[in-house]
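Subject: Structure for you to look at

Hi there,

Here is the structure I promised to pass on. Please open it alongside this note, and my findings follow below.

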Amino acid sequence: MLIACPYCGPRDLSEFTYQGDANRTRPNPMSNDQSAWNAYVYERVNTAGDHREFWQHSGGCRAHLVVIRSTLTHEIKSVAFARETAK
Amino acid sequence: MAEYSFLSLLRNALSGNEDWKPAWRKPDPRPSYDVIVIGGGGHGLSTAYYLAKEHGITNVAVLEKGYLGSGNVGRNTTIVRSNYLLPDNIRFYEHSMKLWENLSHDLNYNVMFSQRGVLNLAHTPAQMDEHARRGNAMRHEGGDAVLLGREEVARMVPGLDMSASARFPVLGGLLQPRAGTARHDAVAWGYARGADRRGVDILENCEVTGFLREGERVVGVTTTRGEIRAKKVAVAVAGSTGRVMKLAGIDNLPIESHVLQAFVSESLKPLINQVVTFGGGHLYVSQSDKGGLVFGGDLDGYNTYAQRGNLPLVEEVMSELLAMFPNLARVRLLRSWGGVMDMSMDGSPIITPGPLPGMFLNCGWCYGGFKATPASGWCFAHTIARGEAHPLNAAFTLDRFARGILIDEKGQGATPKWH
Amino acid sequence: MSPRRAHNGGRIDRSTTLRFTFDGTAMTGHAGDTLASALLANGISLIGRSFKYHRPRGVFSAGIDEPNALVTVIKGNLREPNVPATQIELYDGLTVESQNRFPSLAFDIGAANGLAGNLFAAGFYYKTFMGPVAGPLKGTRFWMFCEHFIRRAAGLGRAGHEPDTDRYEKMYGFCDVLVVGSGPAGLTAARDAAADGKKVFLAEQEPELGGTLRWKSAAIDGRPADDWVASTLAELAALPNVTLLPRTTVWGYYDDNALGALERVCDHKAHAAIGEPRHRHWTIRAKDVVLATGAFERPIVFPGNDRPGIMLASAAARYATEYGVLPGERIAIFANNDSAYEAALSLKDAGAEIAVIIDVRAGVSVAARELAREAGGELLLGYAVTNTSGARRLREIEVQPFADGKIREGGTRAFVVDCLAVSGGWSPAIHLASQAGHAPQWDEALQAFLPPAPTQRWTGAGAFTGAFSTAAALGDDIAVNEPEIEYDPAPVFEIRPSGRKSAKAFVDLQHDVTASDIRLAHREGFRSVEHLKRYTTLGMATDQGKSSNVPGLAIMAAARGLPISQVGTTRFRPPFSGVSLGALAADRHGHFKPERLTPMHDWHVARGAKMYAAGLWHRPMIYGTGGETVEQAYVREARAVRETVGIVDVSTLGKIAVQGPDAAEFLDRVYTNMFSTLPVNKARYGLMLREEGIAFDDGTTWRLGEHDFLMTTTTANAGKVMQHLEYYLDCVWPELRVHVTSVTDQWAGAAVAGPNARHVLESCVDGTRVDNDALPFMGIVRGEIGGAPVTICRLSFSGELAYEVYCGAGHGQHVWDALMAAGRTFEIVPYGLEALGTLRIEKGHVTGAEIDGRTSPRDLYLDWMLSKKKPYVGSAMVDREGLLAADRIRLVGIVALDDRPLNGGAHIVERLGEEPRGSIGHITAFCFSPALGKYIALAIVKGGKARHGQRAYVSDPVRNRFGPVEIVSHHFFDPEGSRMHG
Amino acid sequence: MADIVSPLEPVYRRGAHGDRDGGSAVTLCETRPGSIVQLAAWPGREDAMRAAIRDATGFSLAQAPGTGHAEENRSAFGFAPGRWLVVDQIEGIGETLREKIGTDLGTVCDLSHGRTAISIEGEKAERVLSKLFALDFAIDAFPVGQAKSTAHHDVFTLLQRTGADRFELYVYRSFARSFWHLICASAEEFGYTVE
């Protein structure tokens with residue numbers, strides 16, 4: 001795979017670390033809604049298709065990215081800085 | 001159907017092998033069954049087999065979208081072991097081990113389970129202690145484990161880098177003597193034949209396209225071969241869990257699908273007798289009866305349903321293998337493939353009634369699926385037949401995450417790629 | 001009769017003679033020979049033995065598709081098994097052995113297996129060897145007894161036990177166009193792309209570029225084909241934007257046009273040059289790929305089709321034309337298409353006699369007839385080979401009339417020949433395309449699978465696309481003069497005489513899978529392609545079924561009564577052909593992981609420290625002085641800390657600069673306890689949880705300025721903590737103005753601990769006072785030691801009066817030396833990890849053995865660190881019922897009551913019985929405590945504190961250590977902390 | 001001031017090595033700059049940070065990622081979003097920069113001891129680096145002045161191209177000795193000189 005880091009340009013998969021599902025929203029820190037926390041920490045949509053996910057360019061600029069990638073073909077549809085797009 | 005034996009082989013050989021019958025029938029779906037098992041892999045087939053054998057429920061169909069055994073039962077590195085750390089896992093896998101030990105007789109099919117031992121190498125004193133902790137945990141549950149010193153390891157595994165200058169010198173290892181390998185395809189075929197002989201219908205090329213519901217209750221499935229109703233619908237589809245459960249409206253589960261690559265070298269004369277695992281990384285290697293070295297390492301580490309991996313992981317695995325066995329650099333990689341793993345949030349499986357009425361779920365096998373095949377089917381059959389878990393799978397619930405009763409074998413938390 | 005060198009011709013250099021040995025017999029060949037051509041030139045036709053029946057086998061192909069002629073190459077004490085003789089370039093001194101034979105190649109007792117062929121049919125082992133249900137051989141024992149012999153009989157070559165000392169290398173390549181294959185289509189594609197100014201890589205698996213043009217008799221642009229190749233190559237070689245990669249096999253097509261390629265740099269040489277790798281593994285990123293990988297000829301399956309002397313027609317022609325070797329004196333051709341007629345003529349031109357051309361078709365093209373006439377020999381149309389004979393090589397063939405896909409009885413004729421050249425049509429080499437995407441498409445006219453529609457950026461060219469002629473490969477602009485033959489074959493894959501019992505007809509030559517095996521698989525229901533492959537092992541040998549897949553599929557299709565298109569094909573997966581494991585490991589072979597060294601590393605080693613691998617770091621475990629045991633050493637070191645002063649290198653601790661106006665707020669969120677209240681120049685111990693409320697890491701964080709913190713982490717978790725912080729800053733709280741930067745390597749750290757620690761500092765620190773007022777517990781000061789700036793924090797892991805002295809890493813050794821010198825008066829002792837561990841066990845401090853990813857803060861009695869005033873990562877889930885359960889395993893201390901050493905990983909039980917049962921927890925760390933004079937340990941035990949004062953037992957069956965212990969508080973020593981506050 | 005000790009000292013062997021017939025196609029050197037300083041700007045303050053860098057170094061760095069500039073004794077380049085590295089042969093420029101860069105602009109982090117600087121120069125420099133990093137070193141893909149953050153397996157590395165056939169590499173100090181062995185081994189087939 002080749003991930004087009006918005007800062008570094010297209011880079012080899014070996015430079016990146018997968019940081020998981022980016023569909024989840026962290027509950028308000030003050031919230032004690034256990035089902036919301038359970039959903040955030042443990043539940044996954046596990047999409048078969050275009051999947052919104054975090055990657056860190058750990059072997060590069062170290063920015064976290066939000067990547068939309070097909071889990072069926074590995075085709076990458078979009079890449080953006082997580083800071084700018086994270087929910 | 002005829003028993004397999006040396007005599008039957010001889011008799012058939014003399015008649016030119018013209019009289020062999022199909023190992024299992026190819027029936028058409030009936031309109032309804034007592035139980036439908038979705039997934040014609042190892043777990044689905046063993047579930048059907050034990051439903052028939054242990055619970056007398058024979059009006060059962062196994063639905064497989066492709067060819068039988070096309071999933072992980074035919075894509076793994078064939079390792080059978082029960083060397084777990086946590087008691088819930090040890091008990092379950094130890095039960096599996098006992099079923100393995102008699103499986104060829106039970107099925108009248110040689111699954112070639114060979115107990116040549118699994119050896120986990122240790123490279124630091126801390127790792128020796130971790131291995132001792134696990135070995136002791138196994139011994140306290142009635143399992144077998146032996147802690148080996150450096151010299152014993154060197155004697156047991158020729159070719160292993162035992163030099164003091166090794167990047168991670170070998171200090172010893174934890175051996176489970178009863179562990180070993182089995183012929184993976186034979187397990188699927190043996191269970192299929194065994195279930196079929198007890199009356200189970202195995203329906204290949206029969207993909208589930210939806211669930212039939214009466215209110216909340218699941219009462220059957222729609223498939224590419226028509227609608228099939230059942231009193232109970234059991235799901236055992238490993239890497240496809242997310243996709244199948246979405247058909248039932250379950251959009252979120254504590255499961256991620258990841259690809260695990262496996263590798264085989266060209267065939268060699270006997271070189272490695274045990275299954276050996278590396279402690280300086282994550283790698284396991286054994287040698288098949290045909291002579292190929294069979295090995296694998298970590299997941300590629302990203303969500304995927306594609307049965308294909310990528311190059312960085314290939315290179316990582318090879319460098320770990322050669323760090324253990326520097327004599328293998330001239331050996332060639334012959335084949336590689338990918339299997340889609342249903343990685344759970346704590347690295348342990350789920351075998352449970354629900355989450356909908358009339359439905360039963362078996363998933364979350366991570367790397368452990370193949371060796372679990374007999375016990376998974378055995379426990380799942382019990383759960384389906386009785387409507388509640390057997391003590392052996394009572395801990396493998398779906399609500400353990402919310403409740404914080406985790407079975408985190410690796411201590412990595414809700415990061416599936418690390419389990 | 002036997003194969004021999006032709007009197008002239010070939011591209012070999014007859015003026016250079018190279019010596020080599022085969023099974024100890026000295027022979028010679030010429031530069032340009034492969035081992036296969038050289039062996040044939042020496043009259044050797046028996047080269048290997050088959051996998052199952054150990055049947056004699058010879059050279060079958062001239063390329064990478066070779067199933068039979070596998071040998072082991074010996075270099076010094078290194079063995080490389082299973083190398084096709086067709087892929088070995090001859091060099092002076094080459095040493096090879098045949099394999100899978102005992103005692104010798106000519107007489108192999110394994111051949112007895114062939115006598116019981118029907119017994120060993122596909123899948124036989126699934127049906128037997130189960131053994132008795134009861135008795136001493138019950139369970140898996142009988143199978144394992146049988147398996148022992150099966151394993152020894154199976155396997156091909158023997159690998160060695162010696163470490164491979166050769167070098168392997170990685171290379172990353174970037175290009176606009178990667179052309180795979182250098183035949184006419186590849187050369188043209190490379191030339192065209194280069195002319196467009198593209199950066200081009202041209203990879204060719206053979207040593208010489210040119211592909212089929214090296215042995216096919218076409219004229220291009222009015223010149224002989226090899227002239228055209230030479231000039232095109234010269235043109236390409238002169239271009240700066242073209243890289244030619246001979247001996248380079250592109251073996252894997254991965255996502256986003258990443259291709260793996262193996263370059264065999266030194267296999268054709270006796271010795272590598274200085275610094276030269278044996279193999280180089282390329283990852284090539286190509287914007288576009290041109291697949292010009294050609295096609296593989298496939299055989300026809302017929303009884304007795306495996307004898308040495310039977311080979312592919314194109315291979316026979318190639319031996320004659322390229323290597324100047326006649327694979328036989330008197331040759332028969334057997335074909336279902338025209339291409340073999342070209343081969344016949346090449347063989348005749350090289351000096352062989354064409355005895356007969358047998359074609360299953362009733363009629364052939366004019367061009368083929370013309371070629372047959374020129375080649376000489378009888379042309380038998382509507383015939384097929386039905387049997388062969390010859391002990392260790394082909395002696396005679398039998399042919400019978402053949403029509404409508406069937407043998408017609410009667411009319412049998414025999415021909416005495418020593419070579420049979422077979423062509424069953426051509427299969428495009430679509431492997432890479434298949435790896436890259438969809439399933440291939442069956443083409444009825446070509447009777448072959450054509451590449452699928454691309455899912456990645458590649459285009460096909462030449463024979464890969466099913467256009468087999470040279471003219472088609474070169475395109476319209478180049479004039480080609482070649483026979484206008486028909487490549488479409490008759491749809492005949494197997495010749496199956498009816499009635500009488502016939503000899504075995506092999507589909508997969510290497511694995512001895514016969515046509516009957518395929519029909520048996522069908523009979524038993526193993527009918528899908530994958531079941532067929534798995535049940536019979538068809539196509540799973542080292543040649544990966546390059547010549548057997550399509551015939552095998554066709555035989556299954558016939559058994560099922562379906563067209564081949566409906567039976568499907570197996571998907572190709574990497575690698576296209578075997579890749580050395582060494583190449584894939586590349587520079588990590590022999591150097592698995594880099595070493596991380598602290599600034600004082602060389603000093604530790606020079607002082608005789610026994611080093612310990614802590615992740616990638618090396619840390620001193622003990623500094624043994626003459627003859628000490630490990631225990632004696634750490635007890636001496638730890639005692640010195642308790643009694644006077646010691647010094648330990650703590651440079652490996654993870655250090656993270658946390659900077660910015662929101663740094664304090666950020667720390668409040670990631671730590672369970674409060675950091676915003678920490679004054680400048682003070683440090684505080686902090687605990688981090690995962691979101692699940694499970695302990696993650698701990699360490700001290702120092703407030704160096706209002707907006708400037710230095711966080712320390714455990715050595716093991718430094719990377720993970722860094723990633724954890726970056727994740728929250730990028731993905732969860734992007735609004736916080738905080739920067740985190742790894743400064744682990746910026747700072748050298750030394751902890752000076754013991755009652756005399758302050759005196760040591762007082763005598764060497766300039767620019768600051770270090771007394772209790774200036775530097776209270778958890779205080780921070782800055783000064784200099786020996787002219788180097790230092791930051792000193794008074795904190796204690798050992799429980800003694802202690803300081804961590806940090807300085808720039810480049811000053812680390814200098815400061816360490818100064819501290820050692822200052823400590824001399826107090827008999828300062830350097831101590832290692834074992835003593836560090838001893839001191840912390842005595843104090844009951846937790847580390848990675850207790851924070852093992854499963855324990856909650858309450859399990860470790862760190863509840864006091866859980867702030868009630870603010871949320872933090874983990875706060876929402878730390879109170880789940882499972883984490884509050886009474887039977888959780890929690891931290892305690894253990895004292896051995898039998899004065900014997902304990903062990904990490906030993907379990908704790910309430911009572912000892914016959915068998916180890918009833919574990920209530922385990923020991924995480926143990927030591928002999930010099931302070932207590934006892935063997936003590938930390939443990940995690942069900943119930944924790946509630947068991948203090950209870951008697952229990954250590955149960956350590958894997959080390960056979962059992963004995964009484966007392967469960968006590970984990971705060972063994974100075975629980976009030978008076979010493980460190982002093 | 002105490003001398004800064006290099007982690008390469010025991011393994012640093014000046015002179016010609018490897019294949020002498022290769023004619024020393026590569027020169028390796030530990031450059032030992034006095035200061036290596038990281039500057040990090042808050043989002044939205046990147047332009048101001050570049051202005052501060054211009055004031056401190058005289059280099060006008062363009063906005064584009066990875067842009068850098070190098071002169072004899074000083075260089076500066078961007079290597080991550082909002083982050084730059086300033087390298088100077090003189091010690092202590094971190095202090096100077098810290099005075100110029102306020103909390104509202106960003107942060108300054110001194111890495112002078114934490115990174116080991118190695119230069120590689122010569123006609124085979126690109127080829128040697130291609131063995132180690134998954135980067136296209138061709139000059140059109142990696143122009144002079146440009147910097148890239150990358151890694152060789154576990155060894156995180158910053159690279160700046162400072163000439164047509166010259167690159168400066170910055171690796172973590174603790175890994176420097178292992179990395180040095182690796183880069184020397186990679187250059188061996190061409191012959192190399194350690195300066």
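Chain D has four helices and 12 strands. Its radius of gyration is 17 Å, close to the 16 Å that the globule rule gives for 195 residues, so chain D is as compact as a globular protein of that length. Taken along the principal axes, the C-alpha atoms of this chain fill a box of roughly 55 × 40 × 30 Å. As for burial, 59% of the 195 residues of chain D count as buried. Among the contacts in chain D with a separation of 6 or more, 68% are between residues 24 or more positions apart.

Please keep in mind that this is a predicted model. The scores are ipTM 0.97 and pTM 0.97. For chain D the mean pLDDT is 95, with 99% of its residues at 70 or more.

Next, the domains of chain D. How does the domain assignment divide this chain? It gives domain 1, made of 9–32 + 113–194, and domain 2, which covers 35–110. The C-alpha centres of these two domains of chain D lie 24 Å apart. Where they touch, domain 1 of chain D contributes 12 residues and domain 2 of chain D contributes 13. On the domain 1 side, the elements that give two or more residues are strands E8 (115–121), E9 (147–152), E10 (155–163) and E11 (166–172) of chain D. By class, that side of domain 1 has four nonpolar, five polar and three charged residues.

There is also a contact between chains C and A. It takes 16 residues from chain C and 21 residues from chain A. Which element of chain C supplies the largest share of its side? That is helix H18 (residues 718–732) of chain C, with six residues. The side of chain C that touches chain A divides into eight nonpolar, two polar and six charged residues.

As background, most residues other than glycine have a negative phi, and most peptide bonds are trans. Here are the exceptions I would point you to:

- Phe102(C) and Pro103(C) are joined by a cis peptide bond, with omega about 0°. Pro103(C) sits in the loop between strand E8 (94–98) and helix H2 (141–153) of chain C.
- Pro574(C) and Pro575(C) are also joined by a cis peptide bond, and here omega is about -5°. Pro575(C) is found in the loop between helix H13 (564–567) and strand E35 (579–580) of chain C.
- Phe129(C) is not a glycine, yet has a positive phi of about 70°. This residue is in the loop between E8 and H2 of chain C.
- Asp256(C), another residue other than glycine, has a positive phi near 55°. Its place is the loop between strand E14 (248–254) and strand E15 (258–264) of chain C. Is Asp256(C) buried, exposed or partly exposed? With 18 C-beta neighbours inside 10 Å, Asp256(C) counts as partly exposed.

Happy to talk any of this through once you have had a look.

Best wishes

Methods: Residues are numbered from 1 along each chain as its sequence is written. Chains are lettered from A and ligands numbered from 1 in the order in which they are written. This is a predicted model: local features need pLDDT of at least 70, side-chain atom pairs count only at pLDDT 80 or more; totals for chains, interfaces and linings use all residues. Two residues are in contact if their C-beta atoms, placed from the backbone, lie within 7 Å. Ala, Val, Leu, Ile, Met, Phe, Trp, Tyr, Cys and Pro count as nonpolar, Asp, Glu, Lys and Arg as charged, and the others, Gly among them, as polar. Domain bounds come from an automatic or database domain assignment. A residue is buried if 20 or more other C-beta atoms lie within 10 Å of its own, exposed if 12 or fewer, and partly exposed in between; C-beta atoms are placed from the backbone. pLDDT is the predictor's confidence in each residue, from 0 to 100. The radius of gyration is taken over C-alpha atoms; the globule rule is 2.2 Å times the number of residues to the power 0.38.
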